[in-house]
Amino acid sequence: MTPAPLEHAVLRHRRILELARQTGSVSVEALAAEFGVSSQTIRKDLNQLSKTAMVSRVHGGAVATSGVDNLDHGVRRAFASEAKAAIGAAAAQLIPDGASLFINIGTTTEEVARALTGHCNLLVITNNLNVVDILRDTPSIEILIAGGRVRPADRAVVGTLAMDFIRGFKTDFAIVGASGIDRDGTLLDFDVDEVRVSQTIIAQARKVILVADRSKLHRPAPIRITGLDAIDYFVTDRLGDSAILAACRSANAELVEAAPSD
C-alpha cells in the first residue's frame, strides 16, 4: 500500500533531521534531489521544522538546532566558512595596532584571530587553544592563555580558574560569539561554564565586539549570556532581520555587515 502524503512528509522530516544533525546543515537543492520532490516542497518542510525549533532556516537551506546541545566543533567550523572569514576580516578592522583584547571561544572568533595576523603590537588574552595555534607564529602579537580545565571537544579553557585569570585584566576590546541570538537581542549559549567565562570577558573589556553569522539569529539555546546592551559592535553577514535590527538600535550596538562578496 502506498503511503499517504502526510506519511511521506513525516518520513521526509525524520530524514531531514537525521541529515542536518549528521552534517550540521542541509540545502534545499540537495534535499529535493534526494527525495525526488520539488524545491517548494522542501522549503515547506524546512519551514515546518523551523517552527518546532528543530532546524533554523538560512538562505538556501537550514542548520541543525538543539535545545540542549551545540553542534560538533568540526561541523560548526565547516558551516558558513566564507561568511565567518568575512566577519573575521571586518571585526579585525575594528582593532587598531597596539591594542589589548580578549578572544573568546568559537569558530567565528577564530576567524578574527586569523585576520589579526597582520596587526602589530597586540596583546591577546584567550581561553581558546585554537587561537593560540593561529597566532603563535606572529611575533608582533603577545599571547596570554587562561589556565583551567580544557574542554576536549573544542579545546576551550573554562571553569573558575579561567575566570579568575581573566579578572586580572582590563582590555581595550573583547571578541565574543554566541550560539544563538533571540528576537529581543538576548545572546544565548549551551554550556554554563562557557557562558560564565563569556560573561567575565565581557565585564573586563572596554569595548565588546560580537561576531556571529546570520544562522545564529533566532536559534534556540537554553542559557543567557547577556543582552545587546552589553555589545558595542555586532559584526555579521547580511542581517536581513527587522527584529534583531530594532534590538541593535535600541541597545546602541553598532551593526557591521560583511557579506563574503564584500
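Which side chain makes a polar contact with the side chain of Lys 84? The side chain of Thr 107 does, at 2.9 Å. A polar contact is a pair of N or O atoms within 3.5 Å; within protein, one must be able to donate a hydrogen and the other to accept it, and residues adjacent in sequence count only if both atoms are side-chain atoms.

## The model

This is a predicted model, in which local features need pLDDT of at least 70 and side-chain atom pairs count only at pLDDT 80 or more, while totals for chains, interfaces and linings use all residues. Residues are numbered from 1 along each chain as its sequence is written, and side-chain values use heavy atoms, with hydrogens and water left out.

## The whole chain

The protein chain has 10 helices and 15 strands. Helices (H or I, at least four residues) and strands (E, at least two) are DSSP runs, numbered from the N terminus. The chain has 262 residues, and 51% of them count as buried. Buried means under 20% relative accessible area, exposed over 50%, and partly exposed in between (1.4 Å probe, protein chains only).

Contact means heavy atoms within 4.5 Å.

Helix H5 covers residues 81–92. Its 12 residues should span 16 Å at 1.5 Å a residue, and its end C-alpha atoms are 16 Å apart, so the two values agree. The expected span is 1.5 Å times one less than the number of residues. Lys 84 is one of the buried residues of H5. Others include Ala 83, Ala 86 and Ile 87.

Thr 107, the partner of Lys 84, is found in helix H6 (residues 107–115). Thr 107 counts as buried because its relative accessibility is 7%. The axes of H5 and H6 come within 7 Å and cross at roughly 55°. H5 is therefore oblique to H6. Lys 84, Ala 85 and Ile 87 of H5 are among the residues that make the contact, and so are Thr 107, Thr 108 and Glu 111 of H6.

## Helices H2 and H3

Helix H2 (residues 28–35) and helix H3 (residues 39–51) pack at an angle of about 110°, with their axes 9 Å apart. Axes are lines fitted to C-alpha atoms, for helices over the stretch in contact, and angles run from 0 to 180 degrees between N-to-C directions. H2 and H3 are therefore roughly perpendicular to each other. Angles of 65 to 115 degrees count as roughly perpendicular, under 35 as roughly parallel, over 145 as roughly antiparallel, and the rest as oblique.

The crossing of H2 and H3 is right-handed. Val 28, Leu 31, Ala 32 and Phe 35 of H2 make the contact with Ser 39, Ile 42, Arg 43 and Leu 46 of H3.

## Residues to find

Arg 14 lies in helix H1 (residues 5–23). Arg 14 is exposed, with a relative accessible area of 54%. Arg 14 and Leu 49 are 35 residues apart in sequence, and their C-alpha atoms are 9.9 Å apart in space.

Asn 121 sits in the loop between H6 and strand S5 (122–126). Its phi is near 55°, a positive value in a residue other than glycine. Arg 155 also has a positive phi, near 65°. Arg 155 lies in the loop between strand S7 (149–151) and strand S8 (156–158). Asn 121 is exposed at 59% relative accessible area, and Arg 155 is partly exposed at 31%.

Note on methods
Left-handed = near helix turned anticlockwise from the far one by under 90°.
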